[in-house]
Amino acid sequence: MTIVYEISDDLNKAGIKNLGQAFPFRIPPSSLVEHQGKALIAISEVLENPTEHGSNICNEMLVQIQVKICYPIGNQVNMDAFEQSIASFFMQKNWLRQTNNGHYIDESGHAEIDLFFKRRI
């Protein structure tokens with residue numbers, strides 16, 4: 001099981017308020033109807049590089065993931081509180097939060113944000 005599948009499973013079991021479901025790689029279009037009123041998450045692996053420490057012995061991997069949060073149309077979810085709870089979930093698992101580019105509206109009218117986290121494994 002890849003890190004993306006593990007994280008999406010852990011998020012679904014975490015009991016985070018207003019989370020409809022977390023998916024590996026993409027959000028299926030049918031889930032936008034199925035989970036109305038809840039935020040949906042897609043986890044994607046962005047980067048996986050070996051870390052090198054002078055001797056070129058690679059005993060760690062640096063992994064960066066993207067967490068795409070899709071909010072429902074007519075959003076009833078408190079975005080700041082929800083994003084804080086997602087960030088807290090990742091920080092408890094030793095992921096470091098990276099910069100993001102803020103919220104945007106996708107072509108179907110959903111507010112979205114892409115959060116990035118990295119960790120050495």
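## Aromatic pairs

Five aromatic pairs are counted in this predicted model. Rings of Phe, Tyr and Trp (its six-membered ring) pair if their centres lie within 6.5 Å; planes under 30 degrees apart are stacked, over 60 edge-to-face, and the rest tilted. A pair of aromatic rings is described by the distance of the centres and the angle of the planes.

Helices (H or I, at least four residues) and strands (E, at least two) are DSSP runs, numbered from the N terminus. Is tyrosine 5 buried, partly exposed or exposed? Tyrosine 5 has 39% relative accessibility, so it counts as partly exposed. Phenylalanine 25 counts as partly exposed because its relative accessibility is 45%. Buried means under 20% relative accessible area, exposed over 50%, and partly exposed in between (1.4 Å probe, protein chains only).

Phenylalanine 89 and phenylalanine 90 pair too: their ring centres are 5.2 Å apart and their planes stand at 90°, so this pair is edge-to-face. Both of these phenylalanines are buried. Phe89, Phe90, Trp95 and Phe117 form one aromatic cluster.

## How the model is read

The model is predicted: local features need pLDDT of at least 70, side-chain atom pairs count only at pLDDT 80 or more, and totals for chains, interfaces and linings use all residues. Residues are numbered from 1 along each chain as its sequence is written, and side-chain values use heavy atoms, with hydrogens and water left out.

## The chain as a whole

The protein chain has three helices and six strands. From the N terminus on, their order is α-β-α-β-β-α-β-β-β. The C-alpha atoms fill a box of roughly 55 × 30 × 25 Å along the principal axes. Of the 121 residues, 37% count as buried. Contact means heavy atoms within 4.5 Å. Among contacts between residues at least 6 apart in sequence, 52% join residues at least 24 apart.

The chain exposes about 7,100 Å², and carbon and sulfur atoms supply 49% of that area. Accessible areas come from the Shrake-Rupley method with a 1.4 Å probe; for residues, only the protein chains shown count as cover. The chain carries 10 positive and 14 negative side chains, and the centres of the two sets lie 5 Å apart. Lys and Arg count as positive and Asp and Glu as negative; His and the chain ends are not counted. Each charge is placed at NZ of Lys, CZ of Arg, CG of Asp or CD of Glu.

## Nonpolar cores

A nonpolar core is a set of buried Ala, Val, Leu, Ile, Met, Phe, Trp, Tyr and Cys residues joined through side-chain atoms within 4.5 Å. How many residues does the largest nonpolar core have? The largest core has 26 residues. Those with the most contacts inside it are Leu11, Ile41, Val67, Ile69, Phe82, Ile86 and Phe90. The elements giving two or more residues to this core are H1, S1, strand S2 (39-51), strand S3 (60-70), helix H3 (79-92) and strand S6 (111-120). H3 gives the largest share of this core, five residues.

Phenylalanine 90 touches Ile7, Leu11, Ile43, Ile65, Val67, Trp95 and Phe117, not counting residues up to four places away in sequence. A second, separate core has five residues, including Phe23, Leu40, Ala42 and Cys70. In soluble globular proteins, nonpolar side chains tend to be buried together.

## Valine 63

Valine 63 is found in strand S3. This valine is buried, with a relative accessible area of 2%. Leaving aside neighbours within four places in sequence, valine 63 is in contact with Ile3, Glu45, Leu47, Glu48, Trp95, Phe117, Lys118, Arg119 and Ile121. Valine 63 and arginine 119 are 56 residues apart along the chain, yet their C-alpha atoms are separated by 5.5 Å.

## Loop residues

Most residues other than glycine have a negative phi. Phenylalanine 25 has a positive phi, near 75°. Asparagine 94 also has a positive phi, about 70°, although it is not a glycine. Asparagine 94 lies in the loop between H3 and strand S4 (96-97). At 60% relative accessibility, asparagine 94 counts as exposed.

Asparagine 78 lies in the loop between S3 and H3. Asparagine 78 is partly exposed, with a relative accessible area of 48%. Asparagine 78 and histidine 103 are 25 residues apart in sequence and 13 Å apart in space, C-alpha to C-alpha.
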